[in-house]
Amino acid sequence: IHDKVTADTFEKYALQKAEMIFHKNDHLVVVGGTGLYIKAFCEGMDEIPEVPDEIRQEVIRQYEERGLKWLQNEIKRNDLLFFEKGEIQNPQRLMRALEVFRTTGRSIIDFRKGNKAQRPFRIIKISVELPKEELHRNINSRVDSMMEHGLPEEVRTLIPFQHLNPLQTVGYKELFDHFNGEASMQEAIADIKKNTRHYAKRQLTWFR
């Protein structure tokens with residue numbers, strides 16, 4: 001959780017692992033859900049200037065103090081191009097766009113060239129889509145199972161690190177709210193289910 005992992009980091013890591021697997025096998029199956037990371041593996045990532053750590057930490061601190069609405073307004077004021085095209089409900093994407101703007105004075109969109117990298121293997125993409133009612137039922141069941149198998153205990157041990165970027169994700173932040181006295185356990189569970197449904201909807205939109 002202390003490591004900085006980006007889609008660019010993942011691209012390099014996944015390609016290295018793929019090369020190792022292809023030495024022994026003709027086929028490789030990659031299973032995942034995050035569209036940006038799949039795109040990174042299949043098509044490569046655009047080069048975006050390195051952001052100084054002090055700028056990144058300041059953006060994170062301001063977001064933690066002022067919340068999502070402030071972050072959305074900052075992006076709307078400074079990077080209207082991303083605001084109109086980006087995922088304005090996703091704090092990770094918003095913080096990334098803001099830190100790039102503060103570093104370069106330019107929109108993160110300016111650095112997206114859209115040139116697809118050529119991979120030394122053929123890619124076949126298969127998407128599985130469930131009826132909405134079944135998907136939501138599966139999500140609710142999965143969250144209940146995670147709660148029964150130790151998620152609250154795991155999150156409790158991570159409270160000292162709750163400010164770290166990798167923990168600003170569904171399942172963690174809602175339980176942090178509970179342990180910080182901002183929500184009941186029932187409310188936290190309901191929020192995890194709701195936010196997971198929203199995430200699944202964004203995934204489906206991306207893949208369509």
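The second largest pocket of this predicted model is lined by 13 residues. Lys132, Leu135, His136, Lys201 and Leu204 lie nearest its centre. Helix H6 (132-148) and helix H9 (185-207) are the elements that give two or more residues to this lining. H9 provides the largest share, six residues. The volume of the second largest pocket is about 210 Å³. By class, its lining holds five nonpolar, three polar and five charged residues. A pocket here is an open set of points on a 1 Å grid over the protein atoms alone, where a 1.4 Å probe fits, with protein on both sides within 12 Å along at least five of seven lines. Lining residues have an atom within 4 Å of a point. Grid points are joined across faces, edges and corners, and a volume is the space filled by probe spheres set on the points. Ala, Val, Leu, Ile, Met, Phe, Trp, Tyr, Cys and Pro count as nonpolar, Asp, Glu, Lys and Arg as charged, and the others, Gly among them, as polar.

Residues are numbered from 1 along each chain as its sequence is written, and side-chain values use heavy atoms, with hydrogens and water left out. Because the model is predicted, local features need pLDDT of at least 70 and side-chain atom pairs count only at pLDDT 80 or more, while totals for chains, interfaces and linings use all residues.

The protein chain has nine helices and zero strands. From the N terminus on, its elements run α-α-α-α-α-α-α-α-α. Helices (H or I, at least four residues) and strands (E, at least two) are DSSP runs, numbered from the N terminus. The C-alpha trace spans about 50 × 40 × 30 Å along its principal axes. Of the 208 residues in the chain, 29% are buried. Buried means under 20% relative accessible area, exposed over 50%, and partly exposed in between (1.4 Å probe, protein chains only).

The structure holds 15 salt bridges. A salt bridge is a side-chain nitrogen of Lys or Arg within 4 Å of a carboxyl oxygen of Asp or Glu. Side chains of opposite charge can pair when their charged atoms come close.

Another salt bridge is formed by Arg77 and Glu74 (2.6 Å, N to O). Arg77 and Glu74 are separated by about one helical turn, because they are three residues apart in helix H3. Arg77 is exposed, at 59% relative accessible area. Glu74 counts as buried, because its relative accessibility is 10%.

The side chains of Arg208 and Glu129 also meet in a salt bridge (3.0 Å, N to O). Here too, distant parts of the chain are linked: Arg208 is in the segment after H9 and Glu129 in the loop between H5 and H6, 79 residues apart. Arg208 is exposed, with a relative accessible area of 67%. Glu129 is partly exposed, with 47%.

A nonpolar surface patch is formed by Ile124, Ile126, Val128 and Leu130. Together these residues have about 460 Å² of accessible area. Patches are made of residues with over 30% relative accessible area and no salt bridge; like charges are joined within 9 Å, and nonpolar side chains (Val, Leu, Ile, Met, Phe, Trp, Tyr) within 5 Å. Accessible areas come from the Shrake-Rupley method with a 1.4 Å probe, and for residues only the protein chains shown count as cover. Ile126 is in the loop between helix H5 (91-104) and H6. With 75% relative accessibility, Ile126 counts as exposed.

Ser127 is also found in the loop between H5 and H6. Ser127 is exposed, with a relative accessible area of 56%. Its C-alpha atom is 9.8 Å from that of Gly33, at a sequence separation of 94 residues. Gly86 is in the loop between helix H4 (80-85) and H5. At 24% relative accessibility, Gly86 is partly exposed. Gly86 and Phe176 are 90 residues apart in sequence and 26 Å apart, C-alpha to C-alpha.
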